[in-house]
Amino acid sequence: MRRKVRIILVLLLTFVPALSAFAGDVEAGKKLAVAKGCVGCHGSAGISYGPVWPNLASQHGPYMEAQLKLFRSKERIDPMMNLYASSLTDQEIADLASYFASL
Ligand code: HEC
């Protein structure tokens, strides 16, 4: 029994940091949101400047990450977002999604 607990603990300590390494960096995302022009439509507080642009504040990170990848691969079509997502790396997408989710 104690052996099982020890094995589980070792597995947790090994894999949990590895999993969190995939999470985005909020501070990097904040800088990217300005540098990549996202705030021009979605707002620096994640509240968009017009009714045709969705608010992103407190939207779920994994959902936004998935949507940005769909825009990048053009599986989800929107001329603006296809353009803005086209050059983003996986890490930049994770950072941006983490930033908007944190607002
Ligand atoms: C020119 C305006 C504009 C800019 C700049 C822009 N977006 Fe968007 N964004 C939109 C519009 C419009 C939609 C909704 C598209 C649709 O209807 O499918 C959208 C949708 C999204 C969505 C999905 C929201 C949802 O609820 O499904 C995310 C996430 C997103 N944008 C993130 C970003 C990020 C990150 C950037 C910067 C790299 C960015 N956007 C730049 C206009 C913009």
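Lys74 counts as exposed, because it has 12 C-beta neighbours inside 10 Å. Lys74 is found in the loop between α4 and α5. The model is predicted: local features need pLDDT of at least 70, side-chain atom pairs count only at pLDDT 80 or more, and totals for chains, interfaces and linings use all residues. Residues are numbered from 1 along each chain as its sequence is written.

Now look at the backbone angles. Most residues other than glycine have a negative phi. Lys74 has a positive phi, near 60°. Ser58 also has a positive phi, near 60°. Ser58 lies in the loop between α3 and α4. With 11 C-beta neighbours inside 10 Å, Ser58 counts as exposed.

Asn82 has Lys74 among its contacts, together with Phe71 and Ile77, once neighbours within four places in sequence are left aside. Two residues are in contact if their C-beta atoms, placed from the backbone, lie within 7 Å. Asn82 sits in helix α5. It counts as partly exposed, because 16 C-beta neighbours lie inside 10 Å. Arg72 is 10 residues away along the chain, yet the C-alpha atoms of Asn82 and Arg72 are separated by 5.7 Å.

**The whole chain**

The protein has six helices and zero strands. Helices (H or I, at least four residues) and strands (E, at least two) are DSSP runs, numbered from the N terminus. Of the 103 residues, 24% count as buried. Take the contacts with a separation of 6 or more: residues 24 or more positions apart account for 64% of them.

**Helix packing**

Two packed helices are described by the angle between their axes and the distance between the axes. Axes are lines fitted to C-alpha atoms, for helices over the stretch in contact, and angles run from 0 to 180 degrees between N-to-C directions. Helix α6 (residues 90-102) packs with α4, and its axis also crosses that of α2 (residues 26-35).

| Pair | Angle | Axis distance |
|---|---|---|
| α4 and α6 | about 140° | 8 Å |
| α2 and α6 | roughly 95° | within 7 Å |

The angle makes α4 oblique to α6. Angles under 35 degrees count as roughly parallel, over 145 as roughly antiparallel, 65 to 115 as roughly perpendicular and the rest as oblique. The contact of α4 with α6 includes Met64 and Leu68 of α4 and Phe100 of α6. Its residues divide into eight nonpolar, two polar and two charged. Here Ala, Val, Leu, Ile, Met, Phe, Trp, Tyr, Cys and Pro count as nonpolar, Asp, Glu, Lys and Arg as charged, and the others, Gly among them, as polar.

By their angle, α2 and α6 are roughly perpendicular to each other. Val26 and Leu32 of α2 are among the residues that make this contact, as are Leu96 and Tyr99 of α6. The contact divides into six nonpolar, three polar and three charged residues.

**Around the ligand**

18 residues surround the ligand, and the closest are Lys36, Cys38, Cys41, Met64 and Asp78. A residue is near a molecule if its C-beta atom, placed from the backbone, lies within 6 Å of it. α3 (39-42), α4 (61-72) and α5 (79-85) each supply at least two residues of this shell. The shell divides into 12 nonpolar, four polar and two charged residues.

How values were computed. A residue is buried if 20 or more other C-beta atoms lie within 10 Å of its own, exposed if 12 or fewer, and partly exposed in between; C-beta atoms are placed from the backbone.
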